[in-house]
Each structure stands twice: as structure tokens, then as C-alpha cells.
Amino acid sequence: MSVISTYCRGFGVVLATASVVMIGCSRPETGGDAANAIAQAQAGECLDCDLLGADLAGQSLKDAKFNRSNLSNAKLAGTDLSNALMDSVDLQNADLSNANLTQAALTTANLTDANLKGADLSGAYLRGANLSGTDFTDANLTGANLASTNLEEAVLDGATLEGATLPEGFTAP
């Protein structure tokens, strides 16, 4: 049994099931309660959530919605986040090594110093994201949109950039 606890906008929510695939957060400004948070989790949606340091490694979070959530320092190694909507999410210092982020939307996301070694970001949309210091060693960025991103000090050793849209003036190593 997995027990994952998180604190979301004013009160805590604890989910305990045999296979937790999302962390649900309620939004008090919309009159949410614990039952609403669980329903959001079951629907694969966690908007505006504080998941600082959460351990979601190896989970299947395909098609999940994490817009505007804090996932800084989160453990997401090997996690399936394909087709996920993660716009304006904070993934600073997160471990996304070997994660599946194919077709994921990470517009204006903060991935500063994140670990994306071996991750699959083929077709991902990262326009406007902060990727400074991010480690993309051996990552697949085929067809990814990296326009208007900050790639300062990003590590791209062995990364596949075929068909990727790169920031203006950026020269691939």
C-alpha cells in the first residue's frame, strides 16, 4: 500500500490506495474539500499543487495535468509523463532521469538544474521554459520545441536534437 501525503493551499490531503498514480489537491478558492481532492486525483489533475520533494518515481502519470504546480526537488525518475500538461510548473532540481515526456507541454516551466538524463522529450513543447543548468545527457529531444528557452549552462552531451526547434542564435554542441 502506498501512502502519499501532500499539502495543498491550506489543508493537507492524504491518499492511501493500492496504486496511487496522482496526488490530488483541492483549491479552497473554489470551495474544494478532501473528497474533491481525491476526485481530482482520480481524474489525473493536480493544478496549483505544492508537491515539493514528492516521490513519484516510476509512476504512470500519462495525460496528467500539473499546471502551475510546485514539483521542485521531486523524484520523477522513470515516470511516464507522456502527453502531460505541465505549463508554468516548477521542476527546479527535480529528478526526471529516464522519464517519458513525449508530447508533454512544459510551456514557461522552470527546469533549472533538473536532471533529464536519458529522458524522452520527443515532440515535447518547452517554449519559454527555463532550462539553465539542466542536464539533458543522452536525452531524446527529437522534434521538441525549445524556442525562447534559456539553455544557459545546460548539458546536452549525447542528446538527440534532430528536428528540434532551438532558441534563436543557439548553436547545438
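A salt bridge is a side-chain nitrogen of Lys or Arg within 4 Å of a carboxyl oxygen of Asp or Glu. Side chains of opposite charge can pair when their charged atoms come close. The model on your screen is predicted. A search of the whole structure finds 3 salt bridges. Let's visit each one.

**Stop one: E45 and K65**

Select E45 and K65. Their side chains form a salt bridge, with 3.9 Å from N to O. E45 lies in the segment after α1 (34-42), and K65 also lies in the segment after α1, so the pair ties together parts that are 20 residues apart in sequence. Now show the surface. E45 is partly exposed, at 25% relative accessibility. K65 is partly exposed too, with a relative accessible area of 32%.

**Stop two: D48 and R68**

Next, select D48 and R68. Here the salt bridge spans 2.8 Å, N to O. D48 and R68 each lie in the segment after α1, so this pair ties together parts 20 residues apart in sequence. R68 is partly exposed, at 42%.

**Stop three: D135 and K117**

Finally, select D135 and K117. Their side chains meet in a salt bridge of 3.7 Å, N to O. Both D135 and K117 lie in the segment after α1, so the pair ties together parts that are 18 residues apart in sequence. Check the surface again. D135 counts as buried, at 16% relative accessibility. K117 is partly exposed, with a relative accessible area of 41%.

Definitions and conventions:
Residues are numbered from 1 along each chain as its sequence is written. This is a predicted model: local features need pLDDT of at least 70, side-chain atom pairs count only at pLDDT 80 or more; totals for chains, interfaces and linings use all residues. Side-chain values use heavy atoms; hydrogens and water are left out. Helices (H or I, at least four residues) and strands (E, at least two) are DSSP runs, numbered from the N terminus. Buried means under 20% relative accessible area, exposed over 50%, partly exposed in between (1.4 Å probe, protein chains only).
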